[in-house]
Amino acid sequence: MRIPMIAGNWKMNTTVAEAVALVKEMRPELDRIDNVDKVICPPFVSLAAVKELIKGSSIKLGAQNLYFEEKGAYTGEISPLMLAELCQLVIIGHSERRQYFNETVELVDKKVQAALQVGLKPILCIGETLKENESGKTEAVLTNQLSSTSSQAYSTGLTLAYEPIWAIGTGRAATGEQANQTIGFIRHHISKQHGQEIAQAVRILYGGSVTAENIAEFIKQPEVDGALVGGASLKASQFLSIVKQTSSIKRGK
Ligand code: 13P
């Protein structure tokens, strides 16, 4: 049984004061939901404040990126060790990082390894562009993005997020069937590479224009283990509704 996960990726939004206000608004209700892993990923500068606010609750904290070196002369970067003191998870390889900061499959894999070494659980993002999708390259792109991910990474608690780039921030979400089909392909591919046991255990989330209005369509799908939510995770009522619907649909399954 895979426990569903709903993770909020706040991206480059919220000042520390705004982050604190948002967490205070959500904490009591989020904390009460017990059959879903609830993760919030605020910007680096808010992690310490949010960590204090969620202390003693069931809410988990994630960062949005890291650098793979342990420490040293890497001005402006954040190391795995620094994050391990603050949070439990870290988003790695988000398409915005691949696209705007030239992160390659090799770099992303180094980051995954570095996170695992300090006990941080990666949420590894993969997904194709619209052009790749329309030219029938989705499976090849996803296979390539997963080519370096090791069995050990899967069995140490890595979560995958399938985020088609054409669905991110566009309001044009995939359909539930599309998400289920592609995530099913990903699981099948992992099964061929690493065996059935690992493939059945790994959680695979859908991400891309998920809202309180469409979350049910995704969560109902057998292959979809939750969602990585961008814009809608910045509104307490939306995020709470997404988590609550996930909880009741999974309870009913
Ligand atoms: P949106 O939910 O804003 O489309 O963003 C999705 C995303 O990129 C989450 O990581």
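Which residue in β4 is the bridge partner of Gly62? Good morning, colleagues. Before I answer, please note that the structure shown above is a predicted model. The partner of Gly62 is Leu89. That pair belongs to the contact between strand β3, residues 60-63, and β4, where two bridges hold the strands in the parallel sense.

Let me stay with strand β4, which covers residues 89-92. Leu89 and Ile91 point one way from this strand, while Val90 and Ile92 point the other way. In a regular strand, side chains alternate between the two faces of the sheet. All four of these β4 residues, Leu89, Val90, Ile91 and Ile92, are buried. Strand β4 is also joined to strand β5, residues 121-126, by four bridges, and these two strands run parallel. Within that pairing, Ile91 stands opposite Ile123 of β5.

I turn now to strand β7, residues 204-207. Here, too, both faces are covered. Ile204 and Tyr206 lie on one side, Leu205 and Gly207 lie on the other, and all of them are buried. Strand β6, residues 159-162, runs parallel to β7 and is joined to it by three bridges. Leu160 has Ile204 as its bridge partner in β7.

A brief word on a helix. Leu107 is found in helix α5, which comprises residues 105-117. Is Leu107 buried or partly exposed? Leu107 counts as partly exposed, because its relative accessible area is 22%, whereas buried means under 20%. The C-alpha atom of Leu107 is separated by 23 Å from that of Ile198, a residue 91 positions away along the chain.

Finally, the ligand. Which residues come nearest to the ligand? Of the 13 residues around it, they are His94, Glu163, Gly169, Ser209 and Gly231. By class, this shell has four nonpolar, seven polar and two charged residues.

A polar side-chain atom of His94 lies 2.7 Å from an oxygen atom of the ligand. For Lys11, an N or O atom of the side chain is 2.9 Å from a ligand oxygen atom. For Asn9, the distance from a polar side-chain atom to an oxygen atom of the ligand is 3.0 Å. The ligand on its own has 310 Å² of accessible area, and the protein covers 94% of that area.

Thank you for your attention.

Key:
Residues are numbered from 1 along each chain as its sequence is written. This is a predicted model: local features need pLDDT of at least 70, side-chain atom pairs count only at pLDDT 80 or more; totals for chains, interfaces and linings use all residues. Side-chain values use heavy atoms; hydrogens and water are left out. A residue is near a molecule or strand if one of its heavy atoms lies within 4 Å of it. A polar contact is a pair of N or O atoms within 3.5 Å; within protein, one must be able to donate a hydrogen and the other to accept it, and residues adjacent in sequence count only if both atoms are side-chain atoms. Accessible areas come from the Shrake-Rupley method with a 1.4 Å probe; for residues, only the protein chains shown count as cover. Ala, Val, Leu, Ile, Met, Phe, Trp, Tyr, Cys and Pro count as nonpolar, Asp, Glu, Lys and Arg as charged, and the others, Gly among them, as polar. Buried means under 20% relative accessible area, exposed over 50%, partly exposed in between (1.4 Å probe, protein chains only). Two strands pair if DSSP finds at least two bridges between them.
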